[in-house]
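Subject: Structure for you to look at

Hello,

Here is the structure we talked about, with notes on what was found in it. Please keep it open while you read.

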Amino acid sequence: MHGVFTVPSTTPSNTAYAALLLRVSLGVMYLAHSVLLKLMTFTLAGTAQYFQSIGLPGWLAYFTFFAEMIGGILLILGVQSRWVALALIPILLGAFSVHAGNGWVFSANGGGWEYPLYLIVLSVAQALLGDGAHALSPSRPLPFGSASSLRHAA
């Protein structure tokens, strides 16, 4: 068994730690996007005004703020992470649609569409991977099967 490394079954796999890393970094991003950007940089009233300026109801800014903040906290803690990630995708789809006409780079005037799209992909990956290591309340499996059942189906 020269050159072979085996991991004891009681040790979380690299995949579990990868999902943990994704989960925590995605949670931190959602917190930053809500608290740092919407609350501290633009203020909630300013964010509501922006939403209204693009034809959205002002109350949606407050809903978006709280959804991103609470979702970020739940992701960091590992509370039903796959379902939280899926629940936040509609917000990202809204951001994607708002920024779609602004071009590729998010630093462009009005912000670009690549960042929301990237976060959609990361949220889908989190939902598929699951909670990872050290989750406080692991998610139930997705209705169409887990990663292990997908492996067996291939």
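I begin with helix α4. Its buried residues are Ser81, Arg82, Val84, Ala85, Leu88, Ile89, Ile91, Leu92 and His99. Here buried means under 20% relative accessible area, exposed means over 50%, and partly exposed is in between, with a 1.4 Å probe and protein chains only. Among what covers those residues are α1 (14-41), α2 (44-53), α3 (59-77) and α5 (114-129).

Before going on, some background. This is a predicted model, in which local features need pLDDT of at least 70, side-chain atom pairs count only at pLDDT 80 or more, and totals for chains, interfaces and linings use all residues. Residues are numbered from 1 along each chain as its sequence is written, and side-chain values use heavy atoms, with hydrogens and water left out.

The whole chain

The chain has six helices and zero strands, giving the pattern α-α-α-α-α-α along the sequence. Helices (H or I, at least four residues) and strands (E, at least two) are DSSP runs, numbered from the N terminus. The chain has 154 residues, of which 34% count as buried. Among contacts with a separation of 6 or more, 66% are between residues 24 or more positions apart. A contact means heavy atoms within 4.5 Å.

More on α4

Does the length of α4 agree or disagree with what its residue count predicts? Helix α4 covers residues 81-99, and at 1.5 Å a residue its 19 residues should span 27 Å; the end C-alpha atoms are 26 Å apart, which agrees. The expected span is 1.5 Å times one less than the number of residues.

The helix has a kink of about 30° at Ile89, shortly before the proline Pro90. The bend at a residue is the angle between axes fitted to the seven residues ending there and the seven starting there.

α4 against α5

Two packed helices are described by the angle between their axes and the distance between the axes. For α4 and α5, the axes come within 8 Å and cross at roughly 165°. Axes are lines fitted to C-alpha atoms, for helices over the stretch in contact, and angles run from 0 to 180 degrees between N-to-C directions. The two helices are therefore roughly antiparallel. The cut-offs are under 35 degrees for roughly parallel, over 145 for roughly antiparallel and 65 to 115 for roughly perpendicular, with the rest oblique.

The crossing of α4 and α5 is left-handed. That word applies if the near helix is turned anticlockwise from the far one by less than a right angle; clockwise makes a crossing right-handed. On the α4 side, the residues that meet α5 include Ala85, Ile89, Leu92 and Phe96. Their partners in α5 include Leu117, Ile120, Ser123 and Ala127.

Not counting residues up to four places away in sequence, Ala85 touches Leu75, Ser123, Gln126 and Ala127. The C-alpha atoms of Ala85 and Gln126 are separated by 6.5 Å, although the two residues are 41 residues apart along the chain.

α1 against α3

The buried residues of α1, among them Leu20, Leu26, Met29 and Tyr30, pack against α2, α3, α4 and α5. There is a kink of about 25° in α1, centred on Ala32.

The axes of α1 and α3 are 7 Å apart, at an angle of about 150°, so these helices are also roughly antiparallel to each other. Their crossing is left-handed. The contact includes Leu26, Tyr30 and Ser34 of α1 and Phe65, Glu68 and Gly72 of α3.

Leaving aside neighbours within four places in sequence, Glu68 is in contact with Tyr30, Leu31, His33, Ser34, Lys38, Leu88 and Ile91.

Two loop residues

Most residues other than glycine have a negative phi. Thr43 has a positive phi of about 65° although it is not a glycine. Thr43 lies in the loop between α1 and α2 and is partly exposed, with a relative accessible area of 39%.

Gln80, in the loop between α3 and α4, also has a positive phi, near 50°. Gln80 counts as partly exposed, at 25% relative accessibility.

Regards
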